[in-house]
Amino acid sequence: MNFLSLFVLIPLLMMLGLWMSRDMKQIRTVAVIGSTLLLALSVYTLVEFLAERAAGNTATMLFTDSRMWYEPLNIHYAVGVDGVSVAMLLLSSIIVFAGVFASWKIDPLPKEFFLWFMLLSTGVFGFFISVDLFTMFMFYEVALIPMYLLIGVWGSGKKTYSAMKLTLMLMGGSALLMIGILGIYYQSGLHSMNVVEIAENGHIPMNWQYFLFPMTFVGFGVLGAMFPFHTWSPDGHASAPTAVSMLHAGVLMKLGGYGCFRVAIYLMPQAATELAWIFLILTGISVVYGAFSACVQTDLKYINAYSSVSHCGLVLFAILMLNTTAMTGAVMQMLSHGLMTALFFALIGMIYGRTHTRDIREMGGLMQIMPFLSVCYVIAGLASLGLPGLSGFVAEMTIFVGSFEHADIFRRVLTIVACTSIVITAVYILRVVGKLLFGAVQNEHHRELTDAEWWERLSTITLIVCVAAIGCFPHWISDLIREGVEPITNLLSQAL
Amino acid sequence: MEIPMIAYLVVSTIMFFAGVYGFITRKNMLAMLISLELMLNAADINFVVFNRYLYPEAFEGFFFTLFAIGIAAAETALAIAIIINIFRHIRNVEVRNLDKMKY
Amino acid sequence: MEQIANQVIFGLLALVIVVCSILTVTTRRILRAATYLLFVLFATAGIYFQLDYTFLGAVQLAVYAGGIVVLFVFSILLTSHPGDKSELLTAKKRVVGLIASIFGTIVCGYTLLTYPFFTKPLTSVITGEVDMKEIGHALMGMEKYQYLLPFEAISVLLLACIIGGIMIARKR
Amino acid sequence: MEYSVIILLLPLCMFLFLGLAGHKLSERVAGILGTIGLTVTTVVAYMVAFNYFTMPRNAEGVFDTLQPINLEWLRFTEHLHIDLGILLDPISVMMLVVITTVSLMVHIYSLGYMHGEKGFQRYYAFLSLFSFSMLGLVVATNIFQMYIFWELVGVSSYLLIGFYYTKPAAVSASKKAFIVTRFADLGFLIGILILSFFTETFDFQTLMSNPSSLVTETAGMTFMGCSVAAWAMALIFMGGAGKSAMFPLHIWLPDAMEGPTPVSALIHAATMVVAGVYLVARLFPMYCAVPEVLELITWVGAITALYAAVVACVQTDIKRVLAFSTISQIAFMMVALGVAFNTDLHAGLGYMASMFHLFTHAMFKALLFLGAGCIIHAVHSNEMSEMGNLRKYMPVTHITFLIACLAIAGIPPFSGFFSKDEILTAAFEKSAFWGVWMTAVAGLTAFYMFRLYYRIFWWSKPSYEHHTPHEAPMSMYLPLVFLALVTCVAGFIPFGEFVSVNGEAYHIHLDWSVATTSIIVALLGIALATWMYFSENTRPKALADKFRALHTAAYHRFYMDELYMWVTHKIIFQRICRPIAWFDRHVVDGTMNMLATVTNGVSYGIRKLQSGYIQWYVWVFIMGALLIAVLAMCF
Amino acid sequence: MDYSQFLVMRGEISLLVVFLLIFLIDTFGGQKSLKGLSVAACVLFGLHTIWNIIPAESASAFGGMYQISPIASLVKTVLNIGTLIVLLQSISWVDTPDVKLRRGEFYELLLVTLFGMYLMVSSGHFLLFFIGLETASLPMAALIAINKKDTESYEAGAKYLFTAVFSSALFLLGLSFLYGVSGTLYFDDIAVNIATNHTPLLIATIAFVLAGMGFKLSLVPFHLWTADVYQGAPTQVTSYLSVISKGSAAFALMLILYKVFSLDPVVWQGIMWALIVLTITLGNLFAIRQKNLKRFLAFSSISQAGYIMLGIIAGSAQGMTALVYYVLVYIFSNLAAFGVISSIEHHSGKVGMDDYNGLYKTNPKLSVVMMLAMFSLAGIPPFAGFFSKFFIFASAIHSGFYILVLIALLNTIISLYYYLLVVKAMFINNENEGCAIASFRSDNGSRVSLIVCVAGILLLGIASCVYGYFTDLSLLGI
């Protein structure tokens, strides 16, 4: 058992602890200790990882551990991390940490809430540490299903509809995914579920790749909110409780991108090269389409959800560009979007918790009433529209530079189209900021509202610090990710 | 000239599907059961005929028929018990009364 | 001569079976249906006799005609007044039944008629009826083509049906 | 000169400190702290400038380009990486001086002007942020660093314009400013992408070492009829045009006047808006490699200059007049760059002139804005109709304002005369057409500036019932005086010695034929203004009635805003965003919902299958079996 | 005469011993001993289960009429476990006044049907198989109608019986054709004799045999009785019917197809392909609208049968393993659901889905069990249902049925929908005003059974040894 398994173990132990807790105080204690431990663990992983790399270990995956699980199918419980997964683990633990504080006063049924929340986290962490297709897929689904209850019980608005839609659409994606995974398993000729092994030694016949690549890519793409399979996102996010939106938009949607990257492209580089254009068009549409849709929404969460569609579209878009720079950018964008969208949702949740409305037409001038939250919102907005010094900028620039490395006119034009999203993003972000925070106070009752409490401050500040850290000092994270991306691009260049 | 085997088969087939017709159309549960006997009987004839004409070395069809007759008796008995039970409750044995559960 | 007699007898039996089968399922009087069934069963027993399976014919008569039909008659008398006619079938129901049965007849007839059976002449293998001793051995033996196990098994089945039947039919 | 890093770090630290802890400090402490910070920065900048220009020239008679610091910030590929560093060459050093000077003046001035405003600390934090970004922009060692700071100045501008965030006008102005410049930056970004892809570098020095690399790399490649190199450079220019408010991307600047006046002075007059000019100057050798883009720049500049000047003549809001004047003056600089060429010192006169004008304009325009700030401070209005005869109440402001007006009108010996004269000379060098055009614009400049001047300080005395205007406090007029002094003497700086197209020393000499013409034209403009506005009369109104159409159009800025409004609201918002949102809800999502509805409907429709009748069940049973048999036989 | 051959039938013998003991207690025991009958039945059956837990060696007796293999013996154990759970769940139910009179018969009939299933699973001759089939279905009709005063119960009994005898008549016709084609009824001999036969008669035979088995498995279009019977039968019987009867039939069908029609699988694979698609889809479509939970689970079990068939169509040892494993998991999941339903029905008489609104507030433990069962049925990890689904899909994919698996997977979305409806009712909906199910403590038998089920749901997937063990056994041959 190497220490990576702790990522799964800690949430599970937390669930046990939560199950035994009697009152709110104990629940909070368990949640805080657990999420802090996770955060510490991911930082430890990062440090160890960097040390190991510095010591010259060039294996694709580090800290690997593989235990036979299902021998007849050669399924292993196999863990291991590369730069990309380390980054993702870091992201997840940060957001879980922030999420715990954002749901400090969750009501009703706090115990159950945290139990489900931790099950969700288990899935997320498990997914990122797995290198076995089966375990990966299993954790993927583990992460999906708690969403239903989390939204259904603790959500708001038309929560049952949204929860059902979200769950069913994501399950639809995972149905395709299962075909893809099984197909890969049986066609690679290796009798192995290990991702690295299949990538390095497997030979999936070309005609099968044509079938399996779209399956896998769309399967993960649904979770990555790829057009036209994104419609679960606005409703789902709008109805979800704060911490769940945070974790879902922040981390869960990244599972899609990560999966496309780790499974679809890594294992089927030839098909990826040949079929990329179809999905480039779709994701390109996502990018612009999401941004345009966000411009006319009036519900804060819808705006952010569509913005997520746009940004996550950019992730997939960049992944499909299939070169080191763009893919690095994609992963950075995952990180960046994860953090800032979590920040957004946290803030929206906090504002909603006070004003009980998310309609921007019914609010205004919040800057005068809750300056802390408003300033944080502005920062989140600036991060979202790609202000240098915050994380969005470095990610987007890496993507654009990377995407532009292609010599063909098709990809260039698409890149330029995608670039326009930075303008549209500015439009809708500033529209919200202008209506919501600035101007005169719309509703006089709002004047009695209070600013953030300490747990809310802690939650948001954590995220802001991370957003700024990535934005100001991008090189270490970029190097970390690049190192994880390179094996894949090497395979791609062999495929060409 | 011997009687061709197929003649027996045709007879049994007609008998079987007459039973099917009865089973589907009769309203009285007992009549349905009677139709059912026709069907079982038809299958029995097939066994016997195949045994006699094609594989007379062993008596598989023969014994199958023997046992099938026994089973038919058993199921008739059980069915009649159930029908009697129904009759006790609703005072008739019309099958269309059994439609409480649907959709 | 014997052949012709056989053919005539078969023709008669076949006619009885076909006609009575159809009458069984079409007559409106339930007691008549039971009676027609009895004729069919007799005719079937006749066929068994004709095929030299006299033991089987006897069982057919005893169990079916003697046992089952009597059971039917009793329960018919129990559940309805003699002479009751059931009302006419709706056309729809009749058509539906006809579709199924004619379709089935065609399918089965087609498959049977097209199948290349290699019939052996009846007389060439065994003549006369099956030896009762042989039947007894087969019924009680444990080798291949012997049926001790099914015999035991059906006993359990019959016991269960008795239990079930009693349970359902008794008053309490 | 590693210590030059202080220039960047100090404002950044000030920003972080004031931003995070500002609200804990008192107003006074925060303001003074910010000012001290910037004073130190200014001193350091002057030291850098002094040290740099006293450095011996190298063998080619050029000041060495220095990179005291250059750190890799983000690596994209082997060749492409964003560095953060400091690049010192004549124009960046000159810009350092300009920015720190104006910024310091504004800091001091704001102590008085912003006194008592809510969010005073925040204001100083933003000022520091802006100073940091702008300084970072000018010392950028590579084009991506420039882009980074370019965005940062955009944001600080956004924050400062929207400083009065409770005022809807300010909020929408800030939004407009940001989005319009963002749109321009899109071009900039794409330009960078193209440029960097072909030249495989972001670094200015590498680019300058072989300015034609882009052209050679993209030889033969065209897109929509123009060469790719031209596209790249034109797109980069688009970024500059957006920041520098060139026509038709100028619309944000007049609205930006909603911000506090010192901010307008700093950002929207002296520093940020000249970033576009600076960008073109920075990449000038590369522009020379694609002359068609230079042509474009000239045209854009010339049209903007004329347009803005015409509009300025009829505006009634004094800050707007100044804003259009700024646009017009920046366009002068652009034209100067457009008509220049880097073959030799002579052909490159426009380059030097442009930089020179940038320098002088920064000073006198800041002066004008600060002066306007004093006036607004005194009368609590921006409208000309509320003013008049103010010379009595505000003598210092009056004098300094007059000096600035003379400078911008191009009357010797004030600084504007010298720089503008060089520009006109350069324009005439290129062709008489441009010379005449620009001279005409210069005349217009003199006219509208003096219209403004007379309208504020002379005209007639309106009734100042509620309060009597009074001179501004010392913290406000001291900067005015200082800038006025600079304006008086700056023209005599031998600017060409420091900055020229290829770095060699260039001795400025006046071309008297051009100078005379321009002075005469300027005087004519002033005379006309005097005739119309010296004292209250009906001549302006009569003229306006006579040229009603022109006047109305000009007053409405030739309906450019309306056009934009129409495009953004009617086309983009109503015709694109709404349909897309509708499509998303009703078609894409509708399809998903329809799947569910159809499934449910089918489920409802087939419920009769489960009819509850045994005989039906059996019928299905037997038909199923038979059909399966038949189908299996068929296949 | 070699009576030692009976020793091969260890499982059947011990089951009959249990049956006889109960029969004796029932017949001759006093009132007092009858009270302990339910517990005695559980204990005796538990002993029987343990006695047979070690799988038998492959063996053949009675001239090939009876055949046992490790995997068949394992299936019996699986059925035993399921039956034991059902027995546990019925402890309190058989003591209700209505059923009290007939509890002896209940256990006897139950055990006899199980005996019939044993025969189906390990027969090598169609006669024995047919007797097993009838033994499994005729007493079942009596069981279904055991609540004979209840309209729904006798209606269900009649429906079941009539459909059963009809299907067995058709099955018999098919068998007679098969006999005509092959000349024998021994599985192994038939397989040899029909090896290269492709005539319409054989195809019709296969169709009729599949129809006969399809009735037991409730495959569409032979499924129409299912919902009514499940609804009408007493819950305990329904649960028995839905898991044990179905599981045994699935294995028996596989046995026939693998042993008898193994040499030319194309025909039956084609038929199965269509049946699976129909079964899964129609089962799901009907399940969506159901409001009665028993009826709802009936349709759910129809679609589950479709998934089980995926293991058969694979036609490999892997498919066999997956099938048995699936059945095991299905037993635990479905019995957990039925356990909750019967518990609630026992205490409040409610079986409607709307009655379950807000159940979590009053009976949190039961709702959690129900939720786990639903998730497991829907195939959500980390519960066992996910693993069984995955393996069964894997086996089908391995044999190349990509499109079929895709259709099945898309159907899982619909199934997830209705399983979530139950979860939604319990956790999300607000309780009905005034008529919410009151909080109660279920009896010990149900508690034990539910704990066993939950343990199964939680552990079967994680503990890979189970699947590995199944694989080892199935590789030893059928």
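In chain C of this predicted model, 51% of the contacts between residues at least 6 apart in sequence join residues at least 24 apart. Chain C is built from seven helices and zero strands. Its order along the sequence is α-α-α-α-α-α-α. The radius of gyration of chain C is 20 Å, well over the 16 Å that the globule rule gives for 172 residues, so chain C is more spread out than a compact globule. Along the principal axes, the C-alpha trace of chain C spans about 55 × 45 × 30 Å. Of the 172 residues in chain C, 34% count as buried.

Chain D was examined in the same terms. Its secondary structure comprises 26 helices and four strands. The C-alpha atoms of chain D fill a box of roughly 115 × 70 × 55 Å along the principal axes. Chain D has 635 residues, and buried residues make up 58% of them. Among contacts in chain D with a separation of 6 or more, 79% are between residues 24 or more positions apart.

Two packed helices are described by the angle between their axes and the distance between the axes. Helix 14 of chain D covers residues 291–312, and helix 19 of chain D covers residues 432–457. Their axes lie 9 Å apart, at an angle of about 25 degrees. Angles under 35 degrees count as roughly parallel, so helix 14 of chain D is roughly parallel to helix 19 of chain D. The crossing of helix 14 of chain D past helix 19 of chain D is left-handed.

On the helix 14 side of this contact in chain D are T298(D), A302(D), A305(D), L306(D), A309(D), V310(D) and A312(D). They meet W434(D), W437(D), M438(D), V441(D), L444(D), T445(D) and Y448(D) in helix 19 of chain D. By class, the residues of this contact are twelve nonpolar, two polar and no charged.

Contacts between chains were then considered. Eight pairs of chains are in contact, and chains B and C share the most contacts among these pairs. Between chains D and C, six residues of chain D are in contact with five residues of chain C. The chain D side of that contact has six nonpolar, no polar and no charged residues. Chain A and chain C do not touch, and their nearest C-alpha atoms are 37 Å apart. No contact joins chain A and chain B either; the closest C-alpha atoms of chain A and chain B lie 25 Å apart.

Methods. Residues are numbered from 1 along each chain as its sequence is written. Chains are lettered from A and ligands numbered from 1 in the order in which they are written. This is a predicted model: local features need pLDDT of at least 70, side-chain atom pairs count only at pLDDT 80 or more; totals for chains, interfaces and linings use all residues. Two residues are in contact if their C-beta atoms, placed from the backbone, lie within 7 Å. Helices (H or I, at least four residues) and strands (E, at least two) are DSSP runs, numbered from the N terminus. A residue is buried if 20 or more other C-beta atoms lie within 10 Å of its own, exposed if 12 or fewer, and partly exposed in between; C-beta atoms are placed from the backbone. Ala, Val, Leu, Ile, Met, Phe, Trp, Tyr, Cys and Pro count as nonpolar, Asp, Glu, Lys and Arg as charged, and the others, Gly among them, as polar. The radius of gyration is taken over C-alpha atoms; the globule rule is 2.2 Å times the number of residues to the power 0.38. Axes are lines fitted to C-alpha atoms, for helices over the stretch in contact, and angles run from 0 to 180 degrees between N-to-C directions. Angles under 35 degrees count as roughly parallel, over 145 as roughly antiparallel, 65 to 115 as roughly perpendicular and the rest as oblique. A crossing is left-handed if the near helix is turned anticlockwise from the far one by less than a right angle, and right-handed if clockwise.
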